[in-house]
Amino acid sequence: MAAEPARPAEDSHDGGLRRVARVVLLDPRDRILLLHGHEPDDPADDWWFTPGGGVEGDETREQAALRELAEETGITEVELGPVLWRRRCSFPFAGRRWDQDEWYYLARTTRTATGATALTELERRSVAGARWWTYPELARAHETVYPTRLAELLRTLLEEGPPAGPVTLDTEIV
């Protein structure tokens with residue numbers, strides 16, 4: 001019996017609205033973890049984004065968030081909090097258009113060392129690393145960050161705590 005390939009869903013995305021779970025991971029110093037991504041064939045076309053990815057099979061978004069976080073960062077010692085934000089987005093990446101319905105979950109960790117454990121082939125070609133950002137660093141950043149209002153959203157989260165229910169962010173089309 002042949003083994004199934006690991007995580008084929010993300011690399012074989014064929015259009016339609018992709019269900020995505022993302023994690024707003026904060027450390028004890030209230031820094032947020034972002035991944036550094038780029039076009040697979042053009043490292044100069046780069047941006048920062050929260051860990052997460054597509055829901056696979058019959059898993060829940062919560063399960064997808066925890067799986068993606070573990071695969072992309074190696075961090076498993078988290079408990080998911082509430083859904084903070086929801087966002088629809090559409091963007092070109094790796095030669096095709098991706099239309100996504102993203103849910104952003106709050107999580108906290110005491111572990112700050114990261115290391116990807118199970119990236120897809122596409123992720124291996126397009127994820128250049130991870131970095132913890134303070135709110136002031138994020139607010140001053142000249143790099144592209146998604147969602148585009150992340151610094152403002154993080155400031156509100158740190159000052160006011162999680163919203164009573166998920167906040168729907170503006171649709172972003174790149």
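In the predicted model, the mean positions of the 21 positive and 32 negative charges of the chain lie 2 Å apart, where Lys and Arg are taken as positive and Asp and Glu as negative, with His and the chain ends not counted, and where each charge is placed at NZ of Lys, CZ of Arg, CG of Asp or CD of Glu. Because this is a predicted model, local features require a pLDDT of at least 70 and side-chain atom pairs count only at pLDDT 80 or more, whereas totals for chains, interfaces and linings use all residues. Residues are numbered from 1 along each chain as its sequence is written, and side-chain values use heavy atoms, with hydrogens and water left out.

The chain contains 5 helices and 10 strands, assigned as DSSP runs (helices H or I, at least four residues; strands E, at least two) and numbered from the N terminus. Its radius of gyration, 15 Å, is close to the 16 Å given by the globule rule for 174 residues, so the chain is as compact as a globular protein of that length; the radius is taken over C-alpha atoms, and the rule is 2.2 Å times the number of residues to the power 0.38. Of the 174 residues, 45% are buried (under 20% relative accessible area, 1.4 Å probe, protein chains only).

Strand β1 (residues 17-26) is mostly covered, with 8 of its 10 residues buried. Strand β1 pairs in the parallel sense with strand β6 (residues 96-108) over 10 bridges, pairing requiring at least two DSSP bridges between two strands, and leucine 26 stands opposite arginine 108 in β6. Strand β1 is also joined by 3 bridges to strand β4 (residues 52-54), in an antiparallel arrangement, in which arginine 22 has glycine 52 of β4 as its bridge partner.

Technical notes
Buried means under 20% relative accessible area, exposed over 50%, partly exposed in between (1.4 Å probe, protein chains only).
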